[in-house]
Amino acid sequence: MTAAKLRVVRSPTELSDAEILARVADRDLAALGVLYDRYAAQLLRYARRIDREYAEDAVQSVFLRVVGIAGRYDATAPSARPWLLTITTHVVQERHRGLRRAALAFLRLGRERERSVSSVADLRTDMDRSLAQLTIAKRTVVVLAEVEGFSCDEIAQLLAIPVGTVWTRLHHARRELRRLHEDAHED
């Protein structure tokens with residue numbers, strides 16, 4: 001009688017991010033589900049702080065995009081979180097660029113005028129509304145630094161911009177948020 005070889009099979013939830021993404025690259029949709037379960041809530045929280053209305057769609061778009069680019073993931077990275085946050089940032093920024101182009105086209109054609117923005121007082125009632133007044137670039141840097149806890153060097157890598165640009169955007173964003181807060185509490 002021969003001894004049967006036992007093969008130890010690890011649960012998909014025990015796999016590293018690199019192993020999961022390798023499986024996703026091989027079109028294993030169950031692995032994509034594991035990655036989704038692991039990171040979707042974090043990505044949704046991040047996306048909501050940048051664009052509340054588009055956040056859920058953005059997260060879905062991120063995971064659809066991951067299916068196509070999973071093979072490009074750096075398997076030496078300890079976590080897929082920064083990579084996924086970068087993709088989320090790009091998805092939201094692409095939407096904003098598209099919306100901006102569409103709005104300009106409508107304005108040029110004279111079919112639609114810009115809608116007036118809600119009064120500043122209405123926008124200052126909470127931090128999310130204050131963040132909404134920042135440019136997408138400043139808002140992204142503030143959320144990555146203050147909410148997600150990334151260092152400026154890490155943010156520079158995530159966004160593929162110089163660290164000096166990160167510092168500048170963060171400085172100006174903080175100053176704008178401070179001014180908004182002071183203006184809201186002058187009364």
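Asp17, Ile20, Leu21, Arg23 and Val24 of helix α1 meet Ala31, Leu32, Val34, Leu35, Arg38 and Tyr39 of helix α2; contact here means heavy atoms within 4.5 Å. Sorted by class, the contact of α1 with α2 holds eight nonpolar, three charged and no polar residues. Nonpolar covers Ala, Val, Leu, Ile, Met, Phe, Trp, Tyr, Cys and Pro; charged covers Asp, Glu, Lys and Arg; the others, Gly among them, are polar.

This is a predicted model, in which local features need pLDDT of at least 70 and side-chain atom pairs count only at pLDDT 80 or more, while totals for chains, interfaces and linings use all residues. Residues are numbered from 1 along each chain as its sequence is written, and side-chain values use heavy atoms, with hydrogens and water left out.

Now the whole chain. The protein chain has nine helices and zero strands. Helices are DSSP runs of H or I with at least four residues, strands are runs of E with at least two, and numbering starts at the N terminus. From that end, the elements read α-α-α-α-α-α-α-α-α. The protein chain has 187 residues, and 35% of them are buried. Buried means under 20% relative accessible area, exposed means over 50%, and partly exposed lies in between (1.4 Å probe, protein chains only). Take the contacts between residues at least 6 apart in sequence: 59% of these join residues at least 24 apart.

Back to the opening pair. Helix α1 spans residues 17-25 and helix α2 spans residues 29-50; their axes come within 8 Å and cross at roughly 140 degrees. That makes α1 oblique to α2. Axes are lines fitted to C-alpha atoms, for helices over the stretch in contact, and angles run from 0 to 180 degrees between N-to-C directions. Under 35 degrees is roughly parallel, over 145 roughly antiparallel, 65 to 115 roughly perpendicular, and the rest oblique. The crossing of α1 and α2 is left-handed: the near helix is turned anticlockwise from the far one by less than a right angle, whereas clockwise is right-handed.

Ala30 also sits in α2. Its relative accessibility is 56%, so Ala30 counts as exposed. The C-alpha atoms of Ala30 and Ile20 are 9.3 Å apart, across 10 residues of chain.

Helix α2 has another partner, α7. The axes of α2 and helix α7 (residues 136-147) come within 9 Å and cross at roughly 140 degrees. Helix α2 is therefore oblique to α7. This crossing of α2 and α7 is right-handed. Tyr46, Arg49 and Ile50 in α2 meet Ile136, Arg139, Thr140, Val143, Leu144 and Val147 in α7. The contact of α2 with α7 comprises six nonpolar, one polar and two charged residues.

Gln93 belongs to helix α4 (residues 81-109). With a relative accessible area of 17%, Gln93 is buried.

Gln60 lies in helix α3 (residues 55-69). Gln60 is partly exposed, at 41% relative accessible area. The side chains of Gln60 and Tyr36 make a polar contact of 3.2 Å. A polar contact is a pair of N or O atoms within 3.5 Å; within protein, one must be able to donate a hydrogen and the other to accept it, and residues adjacent in sequence count only if both atoms are side-chain atoms. Gln60 and Ala40 are 20 residues apart along the chain, with their C-alpha atoms separated by 8.7 Å.
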